[in-house]
Amino acid sequence: MRDELPHSIAVVVEEMLPREDRPADKPLLDIHAFVYIERPSQKGIIIGPKGARLKQVGIKSRQQIEALLGTPVFLDLHVKVAKDWQRDPRQLRKLGF
């Protein structure tokens, strides 16, 4: 994926909250994030066949987040198109750049 879309991906964490119905000794952090791309044609590259690539990215990301935070994580990823976001100052601000 890095070779195909080196500068066209932005990830925005929309929400990061502890799951309320969990006991204190078994916490779980819910993270909801969007992976933004510039064109609809890139969506298939990011998601991969039957969602396999996005699943692998989610698994590796979750493992790294858990290691960093020291708590179990539920990572919810969604892919969205933000047309030409790299050239639009308004979208750049929205995406945190």
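Of the contacts (heavy atoms within 4.5 Å) in the protein chain between residues at least 6 apart in sequence, 61% link residues at least 24 apart. Bear in mind that this is a predicted model, where local features need pLDDT of at least 70, side-chain atom pairs count only at pLDDT 80 or more, and totals for chains, interfaces and linings use all residues. Residues are numbered from 1 along each chain as its sequence is written, and side-chain values use heavy atoms, leaving out hydrogens and water.

The chain has three helices and three strands (DSSP runs numbered from the N terminus: H or I of at least four residues for helices, E of at least two for strands). In sequence order that reads β-β-α-α-β-α. The C-alpha trace spans about 45 × 30 × 20 Å along its principal axes. Of the 97 residues, 29% are buried (under 20% relative accessible area; exposed is over 50%, partly exposed in between, with a 1.4 Å probe and protein chains only).

Now for the part to zoom in on: Lys80, Arg90, Arg93 and Lys94 make up a positive surface patch. Patch members have over 30% relative accessible area and no salt bridge, with like charges joined within 9 Å; a salt bridge puts a side-chain nitrogen of Lys or Arg within 4 Å of a carboxyl oxygen of Asp or Glu. Helix α3 (residues 89-94) gives the patch its largest share, three residues. Arg93 sits in that helix, and it counts as exposed because its relative accessibility is 58%. Across the whole chain there are 17 positive and 13 negative side chains, with the centres of the two sets 6 Å apart (Lys and Arg are positive, Asp and Glu negative; His and the chain ends are not counted).

Asp84 has a phi near 50 degrees, positive although the residue isn't glycine, and at 27% relative accessibility Asp84 is partly exposed. Lys50 also has a positive phi as a non-glycine residue, near 55 degrees. Lys50 lies in the loop between α1 (40-47) and α2 and is exposed, at 90%.

One more arginine is worth a stop: Arg62, in helix α2 (residues 52-69). Arg62 is partly exposed at 26% relative accessible area. Leaving aside residues up to four places away in sequence, Arg62 touches Val73 and Leu75. Arg62 and Phe74 are 12 residues apart in sequence, with their C-alphas 7.4 Å apart.

Definitions and conventions. Patches are made of residues with over 30% relative accessible area and no salt bridge: like charges are joined within 9 Å, nonpolar side chains (Val, Leu, Ile, Met, Phe, Trp, Tyr) within 5 Å. Accessible areas come from the Shrake-Rupley method with a 1.4 Å probe; for residues, only the protein chains shown count as cover. The place of a charge is taken as NZ of Lys, CZ of Arg, CG of Asp or CD of Glu.
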